[in-house]
Amino acid sequence: MFVARSIAADHKDLIHDVSYDFHGRRMATCSSDQSIKVWDKGGNGEWSCTASWKTHSGSVWRVTWAHPEFGQVLASCSFDRTAIVWEEIVGESNDKQRGQSHWIKRTTLVDSRTSVTDVKFAPKHMGLMLTTCSADGVVRIYEAPDVMNLSQWSLQHEISSKLSCSCISWNPSSSRAHAPMIAVGSDDSNVTYGGKVQIYEYNEVTRKYAKAETLMTVTDAVHDIAFAPNLGRSFHVLAIATKDVRIFKLVPLRKDGSSSAPTKFEVQVLAQFDSHNSQVWRVSWNITSTLLASSGDDGCVRLWKANYMDNWKCTGILKGDGSPVSGQPGALSGVLGSATAQIVSLRNKNVQNHTRSNRSKN
Amino acid sequence: TTEKNKYVSILLAIELIWNLCEVLFIDAAPAGSLLLHLLDWVRLHKSDVDARAREVLQSDSPAHHQSYWDVVISLVLQGRVDEARQVLSKQASLRAESSSVFKRMDVLLHTMPIFNPTGTQTLTEFDVKWRHWHEECDRCLQDNTFASNRHLETICKILVGDEDTILEQKELLSTWYHFLVTRLLFTHPTIKPPDLHYYAQVHTTSPILLSLRYCYTELKLVKNKYYLLFYFNSDKFIYLFIYFFLRVFFHLLAVDYFDHCPEFGRVYLELQIERVPLDTERKAIKVLRICEDRQMSEQVRSICKIMAKRALRNNRLGSALSWSIRAKDAAFATLISERFLQDYCNKGSFTDLDLLDNLGPAMLLSDRLTFLGKYREFHRLYGENRFSEAAKLLLSLMTAKIAPRSLWMTLLTDALPLLEQKEVIFSVDQTYELMSCLEELNSGTKDSSQTDQDEDIESTKTELLRLALARNLAMAIVKEGTIET
């Protein structure tokens, strides 16, 4: 049971990314019109634009929220080779009455020589850290040593993956058993280097990031990548948006004490779906990693769910305009307790917002 | 299956009340008639009362029928007071000596005002009349009028709308919405649709929420209750059930559910609970309580930090400080304490005195916070004219190195009024200590960011202090050197 609501975003060009904040009450969109818009969900469930401003001098590819512990903070990255950190400041009372807020630029990261294709904050237990990846294959990890001062960031690591990067994802696990881990996807057309997904892991001994794994079976361009929430499990689950939807399971193999070598993994394919029958552009997990959403060039959003035996199946299909697809599989299911799952699909210059009311079957 | 039927009926009831609420909010029913509609609705669904009443009345000795009192009470619960009187009259004719209490009850039931929306009486007039009657019933209870007959006592308690007594009639009410209507009948007979809406939104003791709680306590008694949800095919029921409960009782139902999931329950709850939007402080506290009860310390810390950060953004220093203390975040507490002190330097007074005066052991979270608390204490002592205690505290702030160096001049300036009192407050030793603090301050390297004007002000202050300290020293020496006669 889905309710689709169309929001006239009023971006003057293609929207490339949509991002919810931690609590699902705010949304940011970024576009080739070089601006970012911030949307707030009102008490009546309606989305209203509370800020809109020019951010870069090129298309803005991605926008992402920091954890609310760090305040109201956004990061964006662009074709103009920069990534920028923004902070919302509490405005004048008349602005508040008009429902407008102001975002100011805190820092511009100019280290990249090419288009910056993704920007993500690291899990909060690692502090205030920001990661970018660029078209020239460099992944950069920055840290703000003083979380109260967002204008000071230092470049902590530079990782040269040999391929043009398109997306990154941090493993959200805060378990002491897992070293910080980041997955990098590539849309490079180079066929020499087979695997288009690389996993880097931080090593306590060398104090550097080293490549732990390359997913050799992913040979086509990767558009999006997402680690599932960890749930205290020993293994990791990674979803990939490429010419199809893929879900991998990474099982860490035993490591001898504290070595300077990265963890070895056993890689299993949990699922592979070509139902979109076209390029898959985004993948996104729900909070409890029980549901995966994917969107593709077929103009549909598909939902995937596993049963207790790890058999993944499509559990729902949404068209970009919110209309149902005939021949939909049966009842949708979800996890009790998550009040609403919101799925946003991009449609040219408008934003389609699907609100799902959750069922109890679990 | 009887349990299953019971829960089917609860869900049906939820749908009914939901629809009813929807209708009520839109439908402009004439004032005062809402309750009558509700009563009709209840009577329609509780037709077994008529059958039982008939059975009792047609028996040889109605007053001794085992269902006699159940029937009377059921009729009262439905607001059918005339019929209740009719059944009661069978009792009264039997025992002459107790007939006076029965007569009393008969009068109460007979005089119960029932609003007639088509009549000439206004709602206000009705309300006044109803209140009088309600007080009369209450008086009977206070006077122990019905002490000799527990059934009559029960009926009287129902007439005053006593929640516990009405709840005790669970068996006769059998459905929670009946409970709701009965309670409304005897507490707010003039309820209007917007009131109902208001109650549902705001009052935690509202009839609707009470009824839901009643409903929930019923559910709680059954094991594996959640599996029952699988039996229901209709999406709408589940939707309503979950929606209503999650909205109103998230912290009761969903959390409970997670508590019972053996493998992933806790981690699911941890992940979900931190995503609950913290719209208000009240909501945050509710969520915190859930986390604290389960020793989810990381979630507690995170929620408090988010609230502290938000408060600071909105310049609510007191709130920010409370939250950072609760988060046990020393760094943030230090930052906020600095802001407090900055504010004090700019405005000359402290905000959030209540908080600062009652920090207690929380003061020890950070050095700066300790200083803030003690500094405020100094001001308080001074305000209460407890000068020697204030003086001692002020000095200790500097000598024990609790005060940051940057604030020493401010502290010394605070000492001036104490030095200029007629009475000697600082002792000789204390004065020497103050003098050495002043000299230590001045011996430090010059602050290059100071303007010429600032330098002038600084040196003037220093001169004033030196003079005041010297004068105080003189007086103190004399005082301490004088033998008391």
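Modeller: The angle between two helices runs from 0 to 180 degrees between their N-to-C directions, and each axis is a line fitted to C-alpha atoms over the stretch in contact. The model under discussion is predicted.

Biologist: What angle and what distance describe the packing of helix α17 (residues 297-313) and helix α18 (residues 317-327) of chain B?

Modeller: The two helices pack at an angle of about 165°, and their axes lie 8 Å apart.

Biologist: Why is α17(B) called roughly antiparallel to α18(B)?

Modeller: The angle is about 165°. Angles over 145 degrees count as roughly antiparallel, and therefore α17(B) is roughly antiparallel to α18(B). The crossing of this pair is left-handed.

Biologist: Which residues meet where α17(B) packs on α18(B)?

Modeller: From α17(B) come R301(B), C304(B), K305(B), M307(B), A308(B), A311(B) and L312(B); they meet L317(B), S319(B), A320(B), W323(B), S324(B), R326(B) and A327(B) of α18(B). By class, this contact has nine nonpolar, two polar and three charged residues. Arg and Lys count as charged, and R301(B), K305(B) and R326(B) are among the residues that meet.

Biologist: How do you know that α18(B) is largely enclosed by the rest of the structure?

Modeller: Buried means under 20% relative accessible area. Nine of the 11 residues of α18(B) are buried, so the helix is largely enclosed. The buried residues are L317(B), G318(B), S319(B), A320(B), L321(B), W323(B), S324(B), I325(B) and A327(B). Their cover includes α16 (281-293), α17, α19 (330-347), α20 (353-357) and α21 (367-383) of chain B. K328(B) follows α18(B) and has a positive phi, near 55°.

Biologist: Why is helix α4 (residues 68-77) of chain B called roughly parallel to helix α8 (residues 150-159) of chain B?

Modeller: The angle between α4(B) and α8(B) is about 10°, with the axes 10 Å apart. Angles under 35 degrees count as roughly parallel, so α4(B) is roughly parallel to α8(B).

Biologist: What residue classes does the contact of α4(B) with α8(B) have?

Modeller: It has nine nonpolar, two polar and no charged residues. W69(B), V72(B), I73(B), V76(B) and L77(B) of α4(B) meet H151(B), L152(B), T154(B), I155(B), I158(B) and L159(B) of α8(B).

Biologist: Which residues touch the most other members of the largest nonpolar core?

Modeller: Of the 73 residues in that core, they are L321(B), I336(B), F371(B), L372(B), Y375(B) and L411(B). A second, separate core has 50 residues, including V42(B), F102(B), L109(B) and F126(B).

Biologist: How many helices and strands are in chain B, and how many in chain A?

Modeller: Chain B has 25 helices and zero strands. Chain A has one helix and 27 strands. Buried residues make up 47% of the 485 residues in chain B and 57% of the 362 residues in chain A.

Note on methods:
Residues are numbered from 1 along each chain as its sequence is written. Chains are lettered from A and ligands numbered from 1 in the order in which they are written. This is a predicted model: local features need pLDDT of at least 70, side-chain atom pairs count only at pLDDT 80 or more; totals for chains, interfaces and linings use all residues. Side-chain values use heavy atoms; hydrogens and water are left out. Helices (H or I, at least four residues) and strands (E, at least two) are DSSP runs, numbered from the N terminus. Angles under 35 degrees count as roughly parallel, over 145 as roughly antiparallel, 65 to 115 as roughly perpendicular and the rest as oblique. A crossing is left-handed if the near helix is turned anticlockwise from the far one by less than a right angle, and right-handed if clockwise. Contact means heavy atoms within 4.5 Å. A nonpolar core is a set of buried Ala, Val, Leu, Ile, Met, Phe, Trp, Tyr and Cys residues joined through side-chain atoms within 4.5 Å. Buried means under 20% relative accessible area, exposed over 50%, partly exposed in between (1.4 Å probe, protein chains only).
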